[in-house]
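Look at the model first.

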Amino acid sequence: VQLQASGGGSVQAGGSLRLSCVASGIIFTAYHMGWYRQAPGKTRELVAIATIGGNTNYADSVKGRFTISRDNAQNTVSLQMNSLKPEDTAVYYCKSDRLYGSGYREDYWGQGTLVTVSS
């Protein structure tokens, strides 16, 4: 299983970036796909999730600025980030998550991509 994230970089406040994560080795349509981030000295937090049913959820801090989307044909989940703020600076990780009927949970993490927003 591999989740390959890309698209990070440095941008000034107010700018935009688009992150992408390509998954291989999993049945993509069976996994919820999410983006998480971890800022220096802080715990990892959920940014956005796109469920297998097509629903999306966002952290309050990014609502209205970030958009998550998934392309099941390309096994890809993307995160469009607009109106970036310095507090969005973090390493961003993609994650796949599957909950089986038995209650067993299976998840995989990508390697992370750094987003730096300067003021």
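The points below cover the cavity, its lining and the strand pairing.

This is a predicted model, where local features need pLDDT of at least 70, side-chain atom pairs count only at pLDDT 80 or more, and totals for chains, interfaces and linings use all residues. Residues are numbered from 1 along each chain as its sequence is written, and side-chain values use heavy atoms, with hydrogens and water left out.

**Cavity**
- The structure holds 1 cavity of 30 Å³ or more (a cavity is a set of points on a 1 Å grid over the protein atoms alone where a 1.4 Å probe fits but cannot get out; lining residues have an atom within 4 Å of a point).
- The largest cavity has about 30 Å³ of space (a volume is the space filled by probe spheres set on the points, which are joined across faces, edges and corners).
- Its lining is formed by His32, Met33, Gly34, Tyr36, Ile49, Lys95 and Asp97.
- Strand 4 (32-38) and strand 9 (90-99) are the elements that give two or more residues to this lining (strands are DSSP runs of E, at least two residues, numbered from the N terminus).
- Strand 4 provides the largest share, 4 residues.

**Strand 9**
- Of its 10 residues, 7 are buried (under 20% relative accessible area, 1.4 Å probe, protein chains only).
- Strand 9 pairs with strand 4 in the antiparallel sense over 7 bridges (pairing needs at least two DSSP bridges).
- Valine 91 in strand 9 stands opposite glutamine 38.
- Strand 9 also pairs with strand 10 (residues 105-109), antiparallel, over 5 bridges.
- Serine 96 has tyrosine 108 in strand 10 as its bridge partner.
- Strand 9 and strand 11 (residues 113-118) pair antiparallel over 3 bridges.

How values were computed
On a 1 Å grid over the protein atoms alone, a cavity is a set of points where a 1.4 Å probe fits but cannot get out, and a pocket is an open set with protein on both sides within 12 Å along at least five of seven lines; lining residues have an atom within 4 Å of a point. Buried means under 20% relative accessible area, exposed over 50%, partly exposed in between (1.4 Å probe, protein chains only).
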